[in-house]
Amino acid sequence: MSIGDGPRTQAAEEVEDEHALVGAYALNAVDERERSEFEAHLAGCPLCSADVPAFREILARYAATTASAPPPDLVARAIAEAHGVRQERVRGGVLSRILRLRRR
Ligand SMILES: [Zn+2]
């Protein structure tokens with residue numbers, strides 16, 4: 001027997017889902033329906049009211065720190081790692097050019 005099951009748990013999940021849109025809302029990554037639903041929630045939720053400007057500040061800082069190009073080997077390493085392949089064995093136009101640049 002479990003005490004947490006039932007309508008009460010479901011209601012708690014629905015509230016959590018409303019909070020969960022805060023990041024997408026701050027990113028303007030919601031559709032019109034989600035936006036109006038979330039803004040209705042936002043008006044009565046001090047947590048999200050505090051989180052929206054906090055998210056936007058973090059995004060602004062992130063954008064400022066990523067304004068310069070990443071080092072070329074970062075791209076090669078990430079792609080090689082994603083494919084589970086050693087960098088030395090990676091072939092292909094863009095990757096081999098990046099790897100050649102890196103060796104200079
Ligand atoms: Zn909220």
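Predicted model: local features only at pLDDT ≥ 70, side-chain atom pairs only at ≥ 80, totals over all residues.
Residues are numbered from 1 along each chain as its sequence is written, and side-chain values use heavy atoms, with hydrogens and water left out.

Ideal angles at a metal are 109.5 degrees for four tetrahedral donors.

His19 lies in helix α1 (residues 7-20) and His41 in helix α3 (residues 32-43), so the pair ties together parts that are 22 residues apart in sequence. Helices (H or I, at least four residues) and strands (E, at least two) are DSSP runs, numbered from the N terminus. Apart from neighbours within four places in sequence, His41 is in contact (heavy atoms within 4.5 Å) with Glu18, His19 and Cys48. The C-alpha atoms of His41 and Val22 are 10.0 Å apart, with the two residues 19 apart in sequence.

Buried means under 20% relative accessible area, exposed over 50% and partly exposed in between (1.4 Å probe, protein chains only). His19 is partly exposed at 23%, whereas His41 is buried at 13%. Cys45 is buried at 6%, and Cys48 is buried at 1%. A disulfide is a pair of cysteine sulfur atoms within 2.5 Å, and the count of disulfides is zero.

## Aromatic pair

Rings of Phe, Tyr and Trp (its six-membered ring) pair if their centres lie within 6.5 Å; planes under 30 degrees apart count as stacked, over 60 as edge-to-face and the rest as tilted. The structure holds one aromatic pair. In it, the ring centres of Tyr25 and Phe38 are 4.9 Å apart and the planes are at 40°, so the pair is tilted. Tyr25 belongs to helix α2 (residues 22-26) and Phe38 to helix α3, so the pair ties together parts that are 13 residues apart in sequence. Tyr25 is buried at 8% relative accessibility, and Phe38 is buried at 1%.

## Nonpolar core

A nonpolar core is a set of buried Ala, Val, Leu, Ile, Met, Phe, Trp, Tyr and Cys residues joined through side-chain atoms within 4.5 Å. The largest one has eight residues: Val22, Tyr25, Val30, Phe38, Leu42, Cys45, Cys48 and Val52. At least two residues of this core come from each of α2, α3 and α4 (46-65). Val30, leaving aside neighbours within four places in sequence, is in contact with Leu21, Ala24, Tyr25 and Arg35.

## Whole chain

The protein chain has six helices and zero strands. Of its 104 residues, 18% are buried. Among contacts in the protein chain with a separation of 6 or more, 36% are between residues 24 or more positions apart.
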